[in-house]
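Dear colleague,

Please find below the sequence and the structure that I am handing over to you. My notes on what was found follow directly after them.

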Amino acid sequence: MKAAGQGAGRAPLVLALETSCDESAAALIRGRDLLAAEVFSQIAIHGKYGGVVPEVASRNHLLALRPVLEATLAGAGVRLADLDAVAATAGPGLATSLMLGLSLAKGIAVALRRPFIPVNHIEGHLLSPFLSETSGPRESVGLVVSGGHTLLVRIYGTGKYRLLGKTLDDAAGEAFDKVGKLLGLPYPGGPHVAKTALEGDPRRFNFPRSMLGSGDYDFSFSGLKTAVRYLLPKHAPVPVADVCASFQEAVVDILVAKTMKALRSEGVDTLAISGGVSCNIRLREQFTEACRVAGVQLLVAPSALCTDNAAMIAYVAALKLENGAVSQLEAEIEPSLNSARWLNA
Ligand code: KG4
Ligand code: ZN
């Protein structure tokens, strides 16, 4: 099935839905121009449980999706009938959450007789820094640092990737969240650890920089989290700001060292950082400085596009359509979408 606007000389109008975890999001893109994007975050709802409760997440997607979709259409001044294609996140993520966005998107595609484009959530993060670049994805190294994933990827172009390394245990965001919990900070810990760290001394505690000399591009953050846990009883009352600052410094040091090494060995001069942890101010500062010294162009999306959103899903769908993607109505959710299946250029 061909997107209705294609061939008529007008870039296709694509609607994307994202419901992989606890954000209900919709976005509209025409060609590569983002027209509107809305996110309803369930953080306040899950906060009292200290983490995302899948059943609660899917129930709230059900409640939020329609208003989020309507607000997005109104924001762009378009009607459902104007759409040329519909996309949704297929995975990875929570099965019962993915199912809602994917089913709604497929239903709209069937009703309108438009192509349905499934999108990989991590590919969405990976390419999000290129959204504001007119040239689109180009030869680069991508670092995805989110709550569920930490990956270093060689990017050759849209759909052409090679996995360089990944975390062997906790994702970077997961480590932030677990340390936040240990310190009694609200869920999710990442932004609270970062805020508390502003008042702390990053050199007060010398936490381990795991796997720095491992000779590969894999990461490990669980030892760092354990080091924080063992330190706490020794320092009552706990110097929370110093723990946050020292922990954050260790995470950032590891990410910067491995990523800059990957850039050197791959011989590319563009770095694209994405995922929720790329909101982190200290991480942005350290990467900015390292890239300046190395003569590398740093691309980081604005914060609203770093955490989960549908704009990044719409962008990948638009790029896939440009490359001739056809409708995949038979696509199912893939909660544990294996990175090896799409990172093998
Ligand atoms: O990309 P994202 O919204 O969801 C996943 O796909 O996982 O990332 C969420 C993660 C959470 O672990 C959250 O704590 C972390 O990103 N995060 C941060 C910051 N803002 C969000 N971590 C450190 N510093 C921040 N400022
Ligand atoms: Zn995400």
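This is a predicted model: local features need pLDDT of at least 70, side-chain atom pairs count only at pLDDT 80 or more; totals for chains, interfaces and linings use all residues.

The arrangement around the zinc ion (ligand 2) is tetrahedral, because its 4 donor atoms subtend angles of 96 to 132°, and four donors count as tetrahedral if all angles lie between 85 and 135 degrees. For reference, the ideal angle for four tetrahedral donors is 109.5 degrees.

Which residues coordinate the zinc ion (ligand 2)? They are His121 and His125, each through NE2, and Asp308, through OD, at 2.0 to 2.1 Å. Along the chain, these donors follow the spacing H-x3-H-x182-D.

Are His121 and Asp308 buried or exposed? Buried means under 20% relative accessible area. His121 has a relative accessible area of 6%, so it is buried. Asp308, with a relative accessible area of 16%, is therefore buried as well.

Ligand 1 is surrounded by 20 residues, and the closest are Gly147, Asp177, Gly276, Asn280 and Asp308. For Gly147, a backbone N or O atom is 2.8 Å from an oxygen atom of ligand 1. For Gly276, a backbone N or O atom is 3.0 Å from an oxygen atom of the ligand. For Asp308, the distance from a backbone N or O atom to an oxygen atom of ligand 1 is 3.0 Å.

I turn next to a sheet. Five strands form an open sheet in the order β8-β7-β6-β9-β10, and their pairing is mixed. Its edge strands, β8 (160-166) and β10 (297-300), each pair on one side only. From one strand to the next, the twist averages 25°.

Within this sheet, the pair β7 and β8 may be followed residue by residue. Strand β7 (residues 150-157) runs antiparallel to β8, and 6 bridges join them. Leu151 stands opposite Lys166 of β8, while Ile155 has Tyr161 of β8 as its bridge partner. The two strands form a hairpin with 2 residues between them, and Gly159 in the turn has a positive phi of about 80°.

With kind regards

Technical notes: Residues are numbered from 1 along each chain as its sequence is written. Chains are lettered from A and ligands numbered from 1 in the order in which they are written. Side-chain values use heavy atoms; hydrogens and water are left out. Two strands pair if DSSP finds at least two bridges between them. Helices (H or I, at least four residues) and strands (E, at least two) are DSSP runs, numbered from the N terminus. Axes are lines fitted to C-alpha atoms, for helices over the stretch in contact, and angles run from 0 to 180 degrees between N-to-C directions. Donors are N, O and S atoms within 2.8 Å of the metal (3.2 Å for Na, K and Ca); water is not among the atoms, so sites may look incomplete. Four donors count as tetrahedral if all angles lie between 85 and 135 degrees; four count as square planar and six as octahedral if opposite donors are over 155 degrees apart and all others between 65 and 115; anything else is irregular. Buried means under 20% relative accessible area, exposed over 50%, partly exposed in between (1.4 Å probe, protein chains only). A residue is near a molecule or strand if one of its heavy atoms lies within 4 Å of it. A polar contact is a pair of N or O atoms within 3.5 Å; within protein, one must be able to donate a hydrogen and the other to accept it, and residues adjacent in sequence count only if both atoms are side-chain atoms.
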